Amino acid sequence: MTRRGFAAAAATGAATIGLLGASANSASAYQGNMERALGSLHQALGELRQATANKGGHRVRAMELVNQAIAETQAGVEFADEHGGG
């Protein structure tokens, strides 16, 4: 193999390794929208907790549903992290 051929092969190999590294990083990519949604849900739960209790059970039910939404959103983030859904 000539020096020029070796250099071309090395450059191609380096580029391939870079692409593989980029795809591996995207598998555990930051879930920006999901993380912001989690923040909003936690904020909503805090507001519901601070609200007065006399709401005919609707406030309590809303807190239960927000807790369920938090759990589902976290599960979605974890699933995407495990299965490469950036």
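Among contacts in the protein between residues at least 6 apart in sequence, what percentage join residues at least 24 apart? In this predicted model, the share is 68%. The fold contains three helices and zero strands, and its elements follow one another along the sequence as α-α-α. Of the 86 residues in the protein, 14% are buried. The accessible surface amounts to about 6400 Å², and carbon and sulfur atoms account for 59% of that area.

Two packed helices are described by the angle between their axes and the distance between the axes. For α2 and helix α3 (residues 58–83), the angle is about 160° and the axes lie 10 Å apart. Angles over 145 degrees count as roughly antiparallel, and α2 and α3 are therefore roughly antiparallel to each other. The crossing of α2 past α3 is left-handed. On the α2 side, the contact is made by Met34, Glu35, Ala37, Leu38, Leu41, His42, Leu45, Leu48 and Arg49. Helix α3 contributes residues including Arg59, Ala62, Met63, Val66, Asn67, Ala69 and Ile70, and also Thr73, Gln74, Gly76 and Val77. By residue class, the contact of α2 with α3 comprises 12 nonpolar, five polar and three charged residues.

Glycine 46 was examined individually. This residue lies in helix α2, which spans residues 32–50. Glycine 46 is 17 residues from methionine 63 in sequence, and the C-alpha to C-alpha distance between the two is 9.1 Å. Methionine 63 is among the α3 residues that make the contact with α2.

Note on methods. Residues numbered from 1 in each chain as written. Predicted model: local features only at pLDDT ≥ 70, side-chain atom pairs only at ≥ 80, totals over all residues. Heavy atoms only, no water. Helix = DSSP H or I, 4+ residues; strand = E, 2+ residues; numbered from the N terminus. Buried < 20%, exposed > 50% of the residue type's maximum accessible area, 1.4 Å probe, protein only. Contact = heavy atoms within 4.5 Å. Areas by Shrake-Rupley, 256 points an atom, 1.4 Å probe, with all protein chains shown as cover. Axes fitted to C-alpha atoms, helices over the stretch in contact; angles between N-to-C directions. Parallel < 35°, antiparallel > 145°, perpendicular 65-115°, else oblique. Left-handed = near helix turned anticlockwise from the far one by under 90°. Nonpolar A, V, L, I, M, F, W, Y, C, P; charged D, E, K, R; others polar.
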